[in-house]
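This report describes selected features of one protein chain. Please keep the sequence and the structure in view while reading.

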Amino acid sequence: MNNESQDAEYFYHPLENIEDVDIFYEAVERGKLTKAVSKERPYTYWTIEIYDQANGIRGGGGLGILAADTRRVAEKLGVPFALITPFYPSETHQKVENGVVVDEHRNVDYKQFGFKFVDQVHIKCGNDLCKLDVVQKEFGSTRIIAITEPNFGELYSGLSWGDHRLYQEVALGFGGYAALKLIGLKPAIMQLNEVATFFAALARLDELASNGMDFYEAVVYTRKHTLYTNHTLVQAAEAEFTHEQFERYVFPNIKSLAVKKWLSDKFTDNRIKLSSVTIEIAEMRSGVSKLHARIANYRDIAGNKVKFKAVTNGIDMDYWVLPEILKFMENSEIIDAKGYPTVNYVENLELFTAEKIREFKKQGRRLLNEILKKRPDQNGKILKFGEDELIYDFRRRFADYKRPELAFHDPGRLRNILESHGAHYIMAGRVHAGDQTMQEKLRKMLEIVDRDDYLRGHVHYISDYDEEMALALSAGCNITVNVPIVGLEACGTSWMKDVANLNVMISTHDGGVADGSMNAYLNVSGKDEGEEVDMLYQRMEEAAAIWDSDFDLEYTMREQLKEFLPVISGARMMQDYLDYLFPV
Ligand SMILES: *Cc1c(COP(=O)(O)O)cnc(C)c1O
């Protein structure tokens, strides 16, 4: 943190006409709230994480990937859109040393990624004033506004209930809100990508209430303009902050006594979960797949179950699909230039012949080999695969519920499958710093691999999983393994990249996959994990057989794409959000 002694002059920004309160009242009187977006009143999207390495911001996983995809799709659709996020001056990379994943840290400078300094804003940190740099970069109808300072730290650094995390979240919320005003933007809507961004909506509530609006009307106004997007399943797992921490980092930034009182009342036993207040401040709430929206178990302060609207995540096809495949899908009118499936897409999928599919996979394989030149496996070996070699991939964040170890339950059986098809199994995924369970699981898996003469040459772990690796693997492999414990994946987007890049998908019926039919892919299920493991191996055999038959390959690919193209289309996701947020 970058502290400075308090200077009241800096702190109070003029607040003229930031909100279109008059328009709001008029609309309320007419009984209809129209929240039009325009250049000056963009759709605002708040996120503690964005995964966008081209713009110098490396994320941790799916939440950040989604944020970057959402902005890119908004740009393509010409939606006025502002994404507000921190720019972290340092980022983590991973490598394997003696079977153990170790983190290394690198500094990043926003100037090298085309961000322009706008000005500084200030927030209070206890009795000090913290100066924050506002930087921004514009892309068509969209922009990224980033909040940063030299000691801002890394994404998810420290404990999730720690002071520094709270500081980062308050800096994004209050600092980001001040940054919007600085730039001259009024939010048409505030989408809160998870609860770490709660303070942005709080800053808005405070501004209204401290500028003469009746407190309850200010609450209604803020609620009607805020969407809380939840990615988590269990509220109980969420970290809590203490009242004492809020006294230092949050309350000093609130000007309205009514807002302070409102927030203070939300503590139980001196503790607060940000989800409980985010639910209060956002009238619109969404989950990230149909299944997730249905089963996310959240309660409001009164104890009532919270309803979430399902807006299933999608991906920016332009970004995640091998250019050759993308071009083919556009020319064949399977998807349009904006990335929507066309009205005739099902018929047009017939154009995906086995010959075409195999040709695209060869192109994907070349990309994979190219990227692998600088990405050695766990033994420091540079991998290169032949055009016709069969590759399974498991590439996603190494989180316990995703079960990266499932295929290793019976190493003999895994070996038989790989050996009978001359196949390889590639794994890639980040292990969260400090996640001992996953460190240990990965170490054991690598040990199993190392002990077996055949597996040693055919099972590979590529460290430092990132966007480049994600694209290369989805384009260059043949079969993807996605086996989260059913009920625990909110959506997942890795599998979407695999389906779009013509991999045969083996999956449990969970997250966004469960938006589609179980018959549209190779489903893994069972009454216990033992049965699931058995079915996974069966499916791995079936998937290999599919690649041996032109007829089966065409059939499988067309079925997968028919069912899932509408789900994975990022344009579809953006349209769903627009329909929800700006009903006509
Ligand atoms: C797509 C992607 C993700 C998303 O992972 P899920 O486990 O499917 O949510 C995470 N990290 C990177 C680098 C990705 O490209």
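## Surroundings of R397

In this predicted model, R397 touches several residues beyond its neighbours within four places in sequence: G60, G61, K402, G429, R430, H432 and Y465. R397 itself sits in the loop that joins β15 (391-395) to α15 (411-421).

The C-alpha atom of R397 is 8.3 Å from that of G62, although the two residues are 335 residues apart along the chain. Is R397 buried, exposed or partly exposed? Its relative accessibility is 24%. Buried residues have under 20% and exposed residues over 50%, so R397 counts as partly exposed.

Which strands pair with β2? One of them is β3 (residues 81-86), which pairs with β2 in the parallel sense over four bridges. Within this pairing, Y43 has F81 of β3 as its bridge partner. Between β2 and β3 the chain passes through helix α3 (residues 62-77), and this β-α-β crossover is right-handed.

Strand β9 (residues 189-193) also pairs with β2 in the parallel sense, over five bridges. Here the bridge partner of W46 is L192 of β9.

## Helix α5 and its packing

Two packed helices are described by the angle between their axes and the distance between the axes. Helix α5 (residues 198-210) and helix α9 (residues 274-281) have axes that come within 10 Å and cross at roughly 45 degrees. The two helices are therefore oblique to each other, and their crossing is left-handed. On the α5 side, the contact is made by F198, F199, A201, L202 and L205; on the α9 side, it is made by L274, V277, T278 and I281.

Helix α4 (residues 163-183) packs with α5 at an angle of about 50 degrees, and the axes of α4 and α5 are 8 Å apart. α4 and α5 are therefore oblique to each other, and α4 passes α5 in a right-handed crossing. From α4, the contact involves L166, E169, V170, G173, F174, Y177 and K181. From α5, the residues in this contact are F199, A200, L202, A203, R204 and E207.

Key
Residues numbered from 1 in each chain as written. Predicted model: local features only at pLDDT ≥ 70, side-chain atom pairs only at ≥ 80, totals over all residues. Heavy atoms only, no water. Pairing = 2+ DSSP bridges. Right-handed = clockwise from strand over helix to strand, strands pointing away. Buried < 20%, exposed > 50% of the residue type's maximum accessible area, 1.4 Å probe, protein only. Contact = heavy atoms within 4.5 Å. Axes fitted to C-alpha atoms, helices over the stretch in contact; angles between N-to-C directions. Parallel < 35°, antiparallel > 145°, perpendicular 65-115°, else oblique. Left-handed = near helix turned anticlockwise from the far one by under 90°.
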